[in-house]
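Try each task before reading its solution.

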Amino acid sequence: MSEQSAGTTLTRAERALVETNGIEVIDEAERTARPADLFWPWFAANVSVFGMSYAAFVYGFGISFGQALVVAVVGIVLSFFFCGIIAIAGKRGSAPTMVLSRAAFGVQGQKVPGVVSWLVSIGWETFLAIMAVLATATVFRELGWASGTSTKVIATLVVTALIVLASVAGYHTIMRLQSILTWVTGVITIVYIAMTFHLVDLSTVTLREGGSTESVIGALVMVMTGFGLGWINIAADWSRYQRRSTPGSRIVFWNTLGGALPVVLLVGYGLLLVGSRPDLEEGIANDPIGTLATILPNWFLVPFLVAAVLALVSGAVLGIYSSGLTLLSLGIDIPRPAAAGIDGVILTVGTIWVVFFAESFLGPFQSFLITLGVPLAAWAGILMADIALRRKDYDERALFDARGRYGAWDWTSVGTMAVASVIGWGLVINLFAEDAAWNNWQGYLLGPLGGKDGTWAFANIGVLVALVLGFVVTLLARRGTVRRQEQDGPTRAADEQAPAVSR
């Protein structure tokens, strides 16, 4: 496929030859989604009582209620706003996130962040499945039912089967499913708040002492990494069915609103509830959702369990669907259902190991999250800058042809991600040294800031540094590259109807 022909729209026959099944550019006729449709998958995946559990993690940095509330609002909204920026690429190119990222990294170079993205998605969906299984066992125990090994085995099989089957069903089924789950889980969550509100003790909450600036920044980084930045690598997967004439501002708005609204409300209430009950803060470390069930009357435990599990399954479905697309974008030539099956096996094995053999999963998970959060933040900064620099839609052919305008490797982007990651890892530490000793190599640049035992060590500023470095370096160093790529921009019938500068 020559560069000269790279600017034309692919025919249906050509699509079958050029693109792997599951990551193809969506046909113009199928781009019928409205910006408001983006609200449902993001809201449904995040309207989980797990958001309340996050209050305990935030308080773990030793900060006050006021500081924690500011951290929650700023971190959650900002991180989902970043997701909205990435989602603009989806409506411009109508392909999965990791395919569109080839414009910045090159068709082959994209495999570097692609591997990181796949690992992050696998980690998140496994974590959500683990919480669903543990919550089931806890609720069964509270009800006086069997809650031992057999219950956990059955719960593991049911939860993983639901996640895999829903993800195999595909985009349209998932979108319909998410709109239903939003109402089911939303209503039950509201009832949970109403039933536990009497436990909130403002005098106890406000007695918490404030923490240092470093502690506040550390909590902010954790919130951003745990919420919006944890989803950012799949943000464009759900906007690729949007019309290319849709203003980018509306894409950003509905992504941000759908993801941030439920989380801000739930974490905010969690700060009140957990701040009033120190026993909850301690129990959440090993069983985030199940611990929240222990303060409920028995008659409400089953509805609570249903809502909690469905919300977790909802989030995991988004993850495994997108991780399957990422596998395909890495060049693995298998059908999408097979890709979901591979991820399903990994998810199941990971869930079994944590539920039945690991003494604690919070420590290793947080350590894993921060470690992969550094290169993922660097990638996000690079891609957001690339999106800001572009004025035209993506070239469909070139996204799948290493000889096209995007090339095989963009060494500026690959190098920026590598350097930003090395610097970022040097500015974070493993907060869970005992639970994840394999990760104690980080923090090698903290000497001037007091070393690994200094106050700045626990702020994990390496994540923010990697994101900012990725964005600023790309904005300055790749401006000319993007302009050259767009000199002979794609010519499509749709371009005549909607200018490509609409973002």
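A crossing of two helices is left-handed if the near helix is turned anticlockwise from the far one by less than a right angle, and right-handed if clockwise. Keep in mind that this model is predicted.

**Exercise 1.** Describe how H2 and H16 pack, and find the hand of their crossing.

Solution. 
- Two packed helices are described by the angle between their axes and the distance between the axes.
- For H2 (residues 39–46) and H16, the angle is about 130 degrees and the axes are 7 Å apart.
- Angles over 145 degrees count as roughly antiparallel and 65 to 115 as roughly perpendicular, so H2 and H16 are oblique to each other.
- The crossing of H2 and H16 is left-handed.

**Exercise 2.** Which residues of H2 and H16 meet, and how do they divide into nonpolar, polar and charged?

Solution. 
- From H2 come Pro41, Ala44 and Ala45, and they meet Ala311, Ser314, Gly315 and Leu318 of H16.
- These contact residues divide into five nonpolar, two polar and no charged.

**Exercise 3.** Stay with H16 and decide: is Ser322 buried or exposed?

Solution. 
- Ser322 sits in H16, which spans residues 301–329.
- Buried means under 20% relative accessible area; Ser322 has 0%, so Ser322 is buried.
- Leaving out residues up to four places away in sequence, Ser322 touches Ile234, Asp237 and Trp238.

**Exercise 4.** Which residues does Gly350 touch, not counting residues up to four places away in sequence?

Solution. 
- Gly350 belongs to helix H17 (residues 336–356).
- With those sequence neighbours set aside, Gly350 touches Thr126 and Ile130.
- Thr126 is 224 residues from Gly350 along the chain, yet their C-alpha atoms are separated by 6.3 Å.

Key. Residues numbered from 1 in each chain as written. Predicted model: local features only at pLDDT ≥ 70, side-chain atom pairs only at ≥ 80, totals over all residues. Heavy atoms only, no water. Helix = DSSP H or I, 4+ residues; strand = E, 2+ residues; numbered from the N terminus. Contact = heavy atoms within 4.5 Å. Buried < 20%, exposed > 50% of the residue type's maximum accessible area, 1.4 Å probe, protein only. Axes fitted to C-alpha atoms, helices over the stretch in contact; angles between N-to-C directions. Parallel < 35°, antiparallel > 145°, perpendicular 65-115°, else oblique. Nonpolar A, V, L, I, M, F, W, Y, C, P; charged D, E, K, R; others polar.
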